[in-house]
Amino acid sequence: MEKGTWTVKKGLAEMLKGGVIMDVTSPEQAVIAEKAGACAVMALERVPADIRAAGGVARMADPVVIEEVMDAVTIPVMAKVRIGHFVEAQILESLGVDYIDESEVLTPADENYHIDKSKFKVPFVCGARNLGEALRRIGEGAAMIRTKGEPGTGNIVEAVRHMRLVMGEIRRLQNMSRDELMACAKEMAAPYELVCKVAETGQLPVVNFAAGGVATPADAALMMQLGADGVFVGSGIFKSENPERRAKAIVDATTHFNDPEMLAKISKNLGEAMPGLEIGTLEQRMQDRGW
Amino acid sequence: MSIGILALQGAFREQSEAVLRCGFKTKEVRKPEDLEDIQGLIVPGGESTTIGKLLTDYKLCKPLIKKIKEGMPVFGICAGMVILAEEIAGQDKAWLGLMKIKVVRNAYGRQIESFETDIEIPALGKPPFHAVFIRAPQVEKIGKNVEVMAVFQGRPVMVRQDNLLATSFHPEITKDDRIHRFFLDMVKNFK
């Protein structure tokens with residue numbers, strides 16, 4: 001019997017597909033998320049919109065918050081660590097969280113190196129803006145990828161950009177001959193073996209979710225139609241007028257992403273969405289953290 | 001013949017691929033009308049609370065229970081086993097509640113306890129089956145019509161009751177299609 005293998009790390013992400021992972025800051029919110037049909041929750045002290053507003057250094061949440069969320073729900077619980085902060089990751093692993101997000105939403109602890117994720121038994125998810133970045137994180141041991149998007153903005157434009165880049169680059173690789181792949185690996189700064197694997201299979205070797213700006217059911221369905229395996233919603237739910245209803249609607253839209261009639265029904269009477277931010281006006285672009 | 005794949009949430013694409021590899025057609029099921037003209041159904045791994053809730057919300061339970069009682073074979077994997085179970089520890093109500101088993105969710109522990117191992121499945125013969133358990137459920141009690149097809153650490157991990165088949169582990173991950181073929185034989189024989 002073997003634990004913490006690549007297969008079981010990657011396997012849990014496979015089971016989350018077609019689902020919505022919601023940011024929560026309390027056990028009460030976690031229960032709302034679970035009841036709405038979330039397939040997992042991300043336990044945080046503050047949602048990205050509040051982190052953005054507060055400024056200063058954002059760190060791993062207080063273990064008490066994470067443990068309370070773990071006790072409140074039966075679905076998987078994820079939590080965030082700063083980029084490169086492997087001790088925060090050791091702490092979360094010892095708490096028994098189901099997935100660690102090495103996240104640009106928090107202030108990076110290391111500007112040169114991400115965590116060596118292959119050393120851990122607990123699986124990691126990491127953000128990426130393009131295929132090269134995704135493959136570098138997988139090379140370090142990430143068992144799941146998500147678009148970075150631009151967290152806490154309620155603006156889908158960056159998540160769309162990142163998903164289109166990843167999917168477009170995968171299609172481009174598929175048309176390359178073997179001798180072109182090494183040059184491409186160099187240009188993308190990605191591990192050659194992984195570049196070859198993507199070229200051969202036409203897909204990322206791990207599950208790829210959308211994140212960073214999802215605020216409406218239509219946003220979730222848009223990301224699914226662009227090729228996402230599932231959706232993270234950060235501030236979009238608990239910064240909206242009616243979190244229960246919006247959470248459920250985003251879950252429904254992720255299942256029925258290809259059914260416009262259902263999407264129309266799902267989108268009705270949800271109350272105000274979270275206030276959105278124009279990317280050009282931001283002081284801090286979180287997506288530029290990490291490499 | 002067409003095999004329905006419950007596509008509400010979870011690893012349903014891999015189930016389709018396994019069924020297609022075995023030479024059958026598949027149909028994704030999200031609404032009651034999708035249940036027409038399918039001869040078998042696979043309930044994939046995923047989050048049972050999500051899948052169960054969506055089954056209820058989209059009014060799939062009643063027509064599905066009717067079809068299963070008429071004899072349509074169903075294969076539940078991990079979360080799918082929980083969906084089929086008559087009793088779920090710590091939960092007041094079951095989802096489909098058709099299989100006479102009591103299950104405990106996440107019974108092996110949290111994700112860091114997820115594991116892979118070889119198990120013997122006498123009905124499939126040699127070699128042993130490489131089984132991947134991810135936050136897997138355990139079968140705590142079985143009713144008298146339930147046949148135990150495989151055991152790990154003294155607990156049933158593969159069970160059958162007439163037209164219902166369920167595993168705690170994920171046969172789709174290892175691409176060993178013997179269990180899918182066993183299920184598809186159940187579908188053929190029912191026809």
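Gln153(B) is exposed, with a relative accessible area of 56% (exposed means over 50% relative accessible area, buried under 20% and partly exposed in between, using a 1.4 Å probe and protein chains only). This is a predicted model, where local features need pLDDT of at least 70 and side-chain atom pairs count only at pLDDT 80 or more, while totals for chains, interfaces and linings use all residues. Residues are numbered from 1 along each chain as its sequence is written, chains are lettered from A and ligands numbered from 1 in the order in which they are written, and side-chain values use heavy atoms, with hydrogens and water left out.

- Gln153(B) sits in the loop between strand S10 (147-152) and S11 of chain B (strands are DSSP runs of E with at least two residues, helices are runs of H or I with at least four, and both are numbered from the N terminus).
- Gln153(B) isn't a glycine, yet its phi is positive, at about 50°.
- Asp162(B) is another non-glycine with a positive phi of about 50°, and its place is the loop between S11 and S12 of chain B.
- Asp162(B) also counts as exposed, at 52% relative accessibility.
- Lys126(B) and Pro127(B) are joined by a cis peptide bond, with omega about -10°; Pro127(B) is in the loop between S7 and S8 of chain B.
- For background, most residues other than glycine have a negative phi, and most peptide bonds are trans.

- S12(B) pairs in the parallel sense with strand S4 (residues 74-77) of chain B, over four bridges (two strands pair if DSSP finds at least two bridges between them).
- Strand S11 (residues 155-161) of chain B runs antiparallel to S12(B), and four bridges join the two.
- Thr167(B) in S12(B) has Ile77(B) opposite, and Met158(B) also stands opposite Thr167(B).
- S11(B) and S12(B) form a hairpin with two residues between the strands, and that's where Asp162(B) takes its positive phi near 50°.

**A sheet built from both chains**

- Three strands make an open sheet in the order S1(A)-S7(B)-S8(B), with antiparallel pairing.
- Its edge strands are strand S1 (2-3) of chain A and strand S8 (129-133) of chain B, each of which pairs on one side only.
- Five bridges link strand S7 (residues 115-119) of chain B with S8(B) in the antiparallel sense, and Phe115(B) has Phe133(B) in S8(B) as its bridge partner.
- Val132(B) lies in strand S8 of chain B and is buried, with a relative accessible area of 0%.
- Away from its neighbours within four places in sequence, Val132(B) is in contact with Thr7(A), Val8(A), Phe115(B), Glu116(B), Phe169(B), His170(B), Ile173(B) and Thr174(B) (contact means heavy atoms within 4.5 Å).
- Val132(B) and Ser168(B) are 36 residues apart in sequence, but 8.8 Å apart in space from C-alpha to C-alpha.

**Nonpolar cores**

- The largest nonpolar core has 90 residues, and the members that touch the most others are Met22(A), Ile66(A), Leu92(A), Met223(A), Leu55(B), Leu96(B) and Ile101(B) (a nonpolar core is a set of buried Ala, Val, Leu, Ile, Met, Phe, Trp, Tyr and Cys residues joined through side-chain atoms within 4.5 Å).
- A second, separate core has 33 residues, including Phe24(B), Phe129(B), Phe133(B) and Ala136(B).

**Pockets**

- The largest pocket has a volume of about 760 Å³. On a 1 Å grid over the protein atoms alone, a pocket is an open set of points where a 1.4 Å probe fits, with protein on both sides within 12 Å along at least five of seven lines; lining residues have an atom within 4 Å of a point. Grid points are joined across faces, edges and corners, and a volume is the space filled by probe spheres set on the points.
- Of the 29 residues lining the largest pocket, Lys10(A), Glu14(A), Gln203(A), Leu204(A) and Glu14(B) lie nearest its centre.
- H1(A) gives the most to the lining of the largest pocket, with six residues.
- The second largest pocket holds about 400 Å³ of space, and among its 16 lining residues Glu34(A), Thr74(A), Thr49(B), Gln91(B) and Arg105(B) are the closest to its centre.
- H2(A) gives the most to the lining of the second largest pocket, with three residues.
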